Amino acid sequence: THSTRAQRTPPGAGMASRKEGTGSTAASSSSTGGVAGKGKGKGGSGDSAVKQVQIDGLVVLKIIKHYQEEGQGTEVVQGVLLGLVVEDRLEITNCFPFPQHTEDDADFDEVQYQMEMMRSLRHVNIDHLHVGWYQSTYYGSFVTRALLDSQFSYQHAIEESVVLIYDPIKTAQGSLSLKAYRLTPKLMEVCKEKDFSPEALKKANITFEHMFEEVPIVIKNSHLINVLMWELEKKSAVADKHELLSLASSNHLGKNLQLLMDRVDDMSQDIVKYNTYMRNTSKQQQQKHQYQQRRQQENMQRQSRGEPPLPEEDLSKLFKPLQPPARMDSLLIAGQINTYCQNIKEFTAQNLGKLFMAQALQEYNN
Amino acid sequence: HHLSLRLPTPAAAPVSAPASAPAPAPTPAPAPAAAPASSSDPAAAAATTAAAGQTPASAQAPAQTPAPSLTGPALPGPFPGGRVVRLHPVILASIVDSYERRNEGAARVIGTLLGTVDKHSVEVTNCFSVPHNESEDEVAVDMEFAKNMYELHKKVSPNELILGWYATGHDITEHSVLIHEYYSREAPNPIHLTVDTSLQNGRMSIKAYVSTLMGVPGRTMGVMFTPLTVKYAYYDTERIGVDLIMKTCFSPNRVIGLSSDLQQVGGASARIQDALSTVLQYAEDVLSGKVSADNTVGRFLMSLVNQVPKIAPDDFETMLNSNINDLLMVTYLANLTQSQIALNEKLVNL
């Protein structure tokens, strides 16, 4: 049996937000079902010292199952991760899924579902402490405003929380694709200020590469689970699908490139908008300048004629300052493009290796 | 509320002799006497909490047979033979995990199994543990909890039904019968799954049972647990997940990291290599006469060898080169895009 774990109450954990792309902010709820207790010497310190995420095999299997049964097409499935923090590791020991959000279920209370689930899990001694959330992704497109908001509210409440991104399509191709991400401290600062104007972002010096940081994952099993694995291996048939070595690549590549192209289109639109803005601002500056000059001239003329000078007019009222375009979105798009490119490169590297192997095999045949 | 079931002390009268005064009818329905497989004492379980001072009705005199009318907690009829139970590995991992987290002093854990039924098999896809207390002569199961959890689970997967229940431990006990009865109220033909976490015989045996009535018809009926075939079902992605998790068996502190792209290809090829050498070894053994030849295996080997495609070398060259060109081009594009956005970043921040 597990010894009692230290527990601490996070100062109000947020909830995973709903559908991708709606950009809705996560609803923040009251404190979770965590029993108030003394922190294990890590409570709320300023530096997130979590260097590694340790996941139980059970969690991996549950996430896989959840997507397999409830996920369709581009819909994402989400759920909550439970566990605790031990020294510099974040241990994830269990998880539970979130129901899909359906339109006709408007009175479905997410908070209540979560509360009840955690209370019930506590009865059976499962760690009921929120440590993060997981989400499935479609071809790696997870860098969205919604994810950012959710992760921010989680990380704000619980410093060490991570979001686990599970890529089912990549997993089906042969190897488990599970990554843990966290917002960088710089991005956390910016989100806290809620100021996404260009000046603020420039000051914080955030580039798209520094928005999310990836935390390495290890998988750990208890001894009894290892025994179970041995048992399963004896009893189950050998896997007969070796997707990992399949040479077919065009389909997957095509999809990836399609998504990449869409994003690049978005990006270029963004750039056009930004350019227009810059041009308009400079035009406006010029106009202001001209106006001021004319004013001065007139004033001088009036002075020479002995008339009182014209009153100073508020320039800012005449020339309304233009709205700078939102920079956060373009940052996100850039981040997403980066992720796509990374995925594509990994994929092509694998396939090149496989092709060379096939070549060697064929040469031997001849 | 808790379901509390009390067994009569085993020192009660043996089967044939009528017991001491047949209990006044406290039970609303003539509860069918359920005999656990091991003990010889039929025990009547009360559907509601048995009143403290009453002995539940024990064996009735042969003359007055309580109509095994199967009212109340109805025991299921004979199970269509040969049904298969398909388990997903996530269930077993869950069970083992809840066993590890059991309360102090509890010898085993129980829980509900969820899944789907179809014509030929029963597929178990989910489970959750249910708190319960077990002592020498009493079993208390938290039914409220079970109902609540089922409702919550239904919100996520509306297709899952209650299929039965599981228990850790290597044997079926009398308490199991009582719990099984409760579950037969929730689901028709509930399945009982045992996972032997005490590792008797050095193995973790996983067995499934369904209960059938046994005994002389017209008399008190007993209950027997008949075993079912257990098969393991995997989704493709589950298979991949399990293969990965299995690797912790080989590492000293049971920890593994996730490997990167080319490592994975290397690993997969190593596996195929192993498989091939096993096959080769077998072929050599047959040739040298150590192992007798088996025609079916021979046929498989034949089809295996024939599956390697024979392509003219020129065709293969063109195919290979065009594929490589595609991949290289895409890599180039990806790198180009990445540098583009980096440049854009710099420009915007000027």
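This tour moves from chain B as a whole to one of its strands, then to a pocket and the cysteines.

Bear in mind that this is a predicted model, where local features need pLDDT of at least 70, side-chain atom pairs count only at pLDDT 80 or more, and totals for chains, interfaces and linings use all residues. Residues are numbered from 1 along each chain as its sequence is written, chains are lettered from A and ligands numbered from 1 in the order in which they are written, and side-chain values use heavy atoms, without hydrogens and water.

**Chain B**

Select chain B. Its secondary structure comes to seven helices and eleven strands (DSSP runs numbered from the N terminus: helices are H or I, at least four residues; strands are E, at least two). Chain B has 350 residues, and 43% of them count as buried (under 20% relative accessible area, with exposed over 50% and partly exposed in between; 1.4 Å probe, protein chains only). Of the contacts in chain B between residues at least 6 apart in sequence, 65% join residues at least 24 apart (contact: heavy atoms within 4.5 Å).

**Strand β4(B)**

Now select residues 121-130 of chain B, strand β4. Ten of its ten residues are buried. A hairpin of three residues links β3(B) to β4(B). Look for Leu113(B), which stands opposite Cys127(B).

**The largest pocket**

Centre the view on Leu361(A), Ile272(B), Leu276(B), Leu304(B) and Val308(B). Of the 35 lining residues, these lie nearest the centre of the largest pocket. A pocket is an open set of points on a 1 Å grid over the protein atoms alone, where a 1.4 Å probe fits, with protein on both sides within 12 Å along at least five of seven lines; lining residues have an atom within 4 Å of a point. Show α10(A), residues 327-365, with α5 (261-287), α6 (295-307) and α7 (313-348) of chain B; each supplies at least two lining residues. The largest share, nine residues, comes from α10(A).

**The cysteines**

Which cysteine sulfur is closest to that of Cys95(A)? It is in Cys127(B), 12 Å away, too far for a bond. Cys95(A) is buried, at 2% relative accessibility. Cys341(A) is buried too, at 0%. Over all chains there are zero disulfides (cysteine sulfur pairs within 2.5 Å).

Terms used
Two strands pair if DSSP finds at least two bridges between them.
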